[in-house]
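Please open the model in a viewer and keep the sequence at hand. The stops below are arranged so that each selection leads to the next.

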Amino acid sequence: MNVFWWVVIVTAIAGVGGTGLGGLIGVILRRDSSRIVSLLLAFAGGVMMSVVCFDLIPGAFCPDGAAEEMPLLLVLAGILLGYGVIHVLNYVIDKKTNHEVAHINEGHPQTADDLDELIHADHYHEHKKASMKNNYELFLAGVVMACAIALHNMPEGMVIGASYAGDGGEIVGGAGFLIAMVIGLHNIPEGMAVSVPLVTGGMNKWKAIGVTALSGAPTIIGAMLGYSLGLISPVWLSLSLSFAGGAMLYVVFGELLPEAYLMLRSKAPAVFTLIGTLVGLILVRV
């Protein structure tokens, strides 16, 4: 089996599997899971930060096949593009999910500080209180969330594909594999965000989990695109790797770490971020 199909398989596990697992957790979630989710997010953020800083961005400056180091402006442009794309997609998702909830206001942090907020269950509870009989509205909100998450997953897939393109054919142990694992962890809360409203809106639990898993399928398309672009030329590989780095920097500093610290107000997330960073460094260098 060639590298391309390995990329597809690994991405399917991270995208479909991670999102589907989140959907399953969302169906059976207990409130005391906040601590576990917080520490999981902090650890994933640390691993991802190491991969970005010690593998993706250095690889963007010196991609395989390049006769000389890539210009700084090219790498900076790729990082800003990746950061900007994920930022816009997350802005759209938050705009569609949190604006009805009264406590999200100018004086409140614009990110989750509670597990219900993280999975947007608060949003759907507000809908439910406002219209106890209108399950269709809840169901439709879940469908909108599924579509938004699906759109959000495509550039994340590009990150996995680009990372594999820069690994020189390494299947397991390289940046591509590490990024896929971390994105799989990152997709768990997103899967929870999809399954909660679908079940609340009346969908069968197993069907809701299936729909949630399918919302991760665009990750595979993104991975195929990112991998293919990275093989065109060293310049495209540099752009792909820097795009991946920028996208992951947003995920770390705009999502994972803020959510982890606000959900569990203690020193524990900082410790798990450090552990994740060291684990990521070891995995990158070994």
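Of the 286 residues of the protein, 54% count as buried, where buried means under 20% relative accessible area, exposed over 50%, and partly exposed in between, with a 1.4 Å probe and protein chains only. This is a predicted model, in which local features need pLDDT of at least 70 and side-chain atom pairs count only at pLDDT 80 or more, while totals for chains, interfaces and linings use all residues. Residues are numbered from 1 along each chain as its sequence is written, and side-chain values use heavy atoms, with hydrogens and water left out.

**The whole chain**

Display the protein as a cartoon: it contains 11 helices and zero strands. Helices (H or I, at least four residues) and strands (E, at least two) are DSSP runs, numbered from the N terminus. Now switch to a surface view. The accessible surface comes to about 12,800 Å², computed by the Shrake-Rupley method with a 1.4 Å probe; carbon and sulfur atoms account for 69% of that surface. Among contacts with a separation of 6 or more, 81% join residues 24 or more positions apart, a contact being heavy atoms within 4.5 Å.

**The nonpolar cores**

Which residues have the most contacts inside the largest nonpolar core? Select Met48, Val51, Leu56, Ile179 and Met248 to see them, within a core of 47 residues. A nonpolar core is a set of buried Ala, Val, Leu, Ile, Met, Phe, Trp, Tyr and Cys residues joined through side-chain atoms within 4.5 Å. Two or more residues of this core come from each of α1 (3–28), α2 (34–61), α3 (72–97), α6 (135–165), α7 (175–200), α9 and α10. Helix α10 gives the largest share, 13 residues.

Centre the view on Val51. Leaving aside residues up to four places away in sequence, Val51 touches Leu56, Ala175, Leu178, Ile179 and Val284. Another core, of six residues, lies apart from the largest one; its members include Ala146, Leu198, Met203 and Ala208.

**Ile220 in α9**

Next, select Ile220, which lies in helix α9. Is this residue buried or exposed? Ile220 is buried, with a relative accessible area of 18%. Its neighbours, not counting residues up to four places away in sequence, are Val8, Thr11, Ala12 and Val16. Although Ile220 and Thr11 are 209 residues apart along the chain, their C-alpha atoms are separated by 5.6 Å.

Colour helix α9 (residues 218–230) and helix α10 (residues 234–263): they pack at an angle of about 140°, and their axes are 7 Å apart. Axes are lines fitted to C-alpha atoms, for helices over the stretch in contact, and angles run from 0 to 180 degrees between N-to-C directions. Gly226, Leu229 and Gly230 of α9 make the contact with Trp236, Leu237 and Ser240 of α10.

Move along to α10 and α11, which pack at an angle of about 145° with their axes 9 Å apart. Here Leu257, Ala260 and Tyr261 of α10 meet Pro269, Ala270 and Thr273 of α11.

**Thr277 in α11**

For the last stop, select Thr277 in helix α11 (residues 268–285). Thr277 is buried, with a relative accessible area of 19%. Which residues does Thr277 touch, not counting those up to four places away in sequence? They are Gly46, Val47, Met49 and Ser50.
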